[in-house]
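I opened this structure to see how its chain is put together. My entries follow in the order in which I looked things up.

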Amino acid sequence: MDELAVFGGLFAVGFLAATLLPMQSEAALAGALAVGSFSPAGLVLAASAGNILGSVVNWLIGRRIEAFAGRRWFPASPRMLDRATAWYRRYGRWSLLLSWAPVVGDPLTLVAGVLREPLWSFVALVAVAKTARYLTVAAAVSSLW
């Protein structure tokens, strides 16, 4: 198996999984780790980098999405945006440490953009959360072998 294809594919799956598309990057990482032919650190790095970059795309979409609020096709009602805003304001940037979590993690990164979280703090907190998740997967897979 070509190393570039494995690392590139894992980066791509990590990227897509961080967007609002349903993907299982953890399963892809576990599969690549199980093969045992590739650097575990490199695989974790590839998955983390893709996932973090995908979260930055969500943040960018959030920064621009308010221009479309109120339109019929807009995916969130004003009530939903108000609720997300209140929640984010209550827990602040530290809630981004939950960006790894299924269901709420990806929308949380979008809300951070809507609420103008600075990019530096966004990336720092999301990087910690996403990398910790992949390190946990790597540790779980390595303990199975």
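Entry 1, helix α5. I first needed a cut-off: a residue counts as buried when its relative accessible area is under 20%. The model is a predicted one. With that cut-off I went through helix α5, residues 105-114, and found it mostly covered, with nine of its 10 residues buried. The buried ones I noted are Gly105, Asp106, Leu108, Thr109, Leu110, Val111, Ala112, Gly113 and Val114. After α5 comes Arg116, and its phi is positive, near 65°.

I counted six helices and zero strands. Along the sequence the pattern reads α-α-α-α-α-α. Of the 145 residues in the chain, 41% are buried. I then looked up contacts between residues at least 6 apart in sequence, and 76% of these join residues at least 24 apart. The accessible surface of the chain is about 8300 Å², and carbon and sulfur atoms account for 69% of that.

Which residues touch the most other members of the largest nonpolar core? They are Leu29, Leu33 and Leu43, in a core of 15 residues. Two or more residues of this core come from each of α1 (3-18), α2 (25-35), α3 and α6 (119-144). I took Leu43 as an example and left out its neighbours within four places in sequence. Leu43 is then in contact with Val6, Phe7, Leu10, Leu29, Ala32, Leu33 and Phe38. Another core lies apart from this one; it has 13 residues, including Trp59, Leu96, Val111 and Val126. I had already listed Val111 among the buried residues of α5.

I found Asn51 in helix α3, which covers residues 40-65. Is Asn51 buried or exposed? Its relative accessible area is 1%, so Asn51 is buried. Beyond its neighbours within four places in sequence, Asn51 is in contact with Gly14, Phe15, Ala17, Ala18, Ser25, Lys130, Arg133 and Tyr134.

I looked up a nonpolar patch and found one of about 400 Å², made by Trp87, Tyr91, Leu98 and Trp100. Tyr91 lies in helix α4, residues 78-91. The relative accessible area of Tyr91 is 40%, so I wrote it down as partly exposed.

Methods:
Residues numbered from 1 in each chain as written. Predicted model: local features only at pLDDT ≥ 70, side-chain atom pairs only at ≥ 80, totals over all residues. Heavy atoms only, no water. Helix = DSSP H or I, 4+ residues; strand = E, 2+ residues; numbered from the N terminus. Buried < 20%, exposed > 50% of the residue type's maximum accessible area, 1.4 Å probe, protein only. Contact = heavy atoms within 4.5 Å. Patch = residues over 30% accessible without salt bridge, like charges linked within 9 Å, V, L, I, M, F, W, Y side chains within 5 Å. Areas by Shrake-Rupley, 256 points an atom, 1.4 Å probe, with all protein chains shown as cover. Salt bridge = Lys/Arg side-chain N within 4 Å of Asp/Glu carboxyl O. Core = buried A, V, L, I, M, F, W, Y, C linked by side-chain atoms within 4.5 Å.
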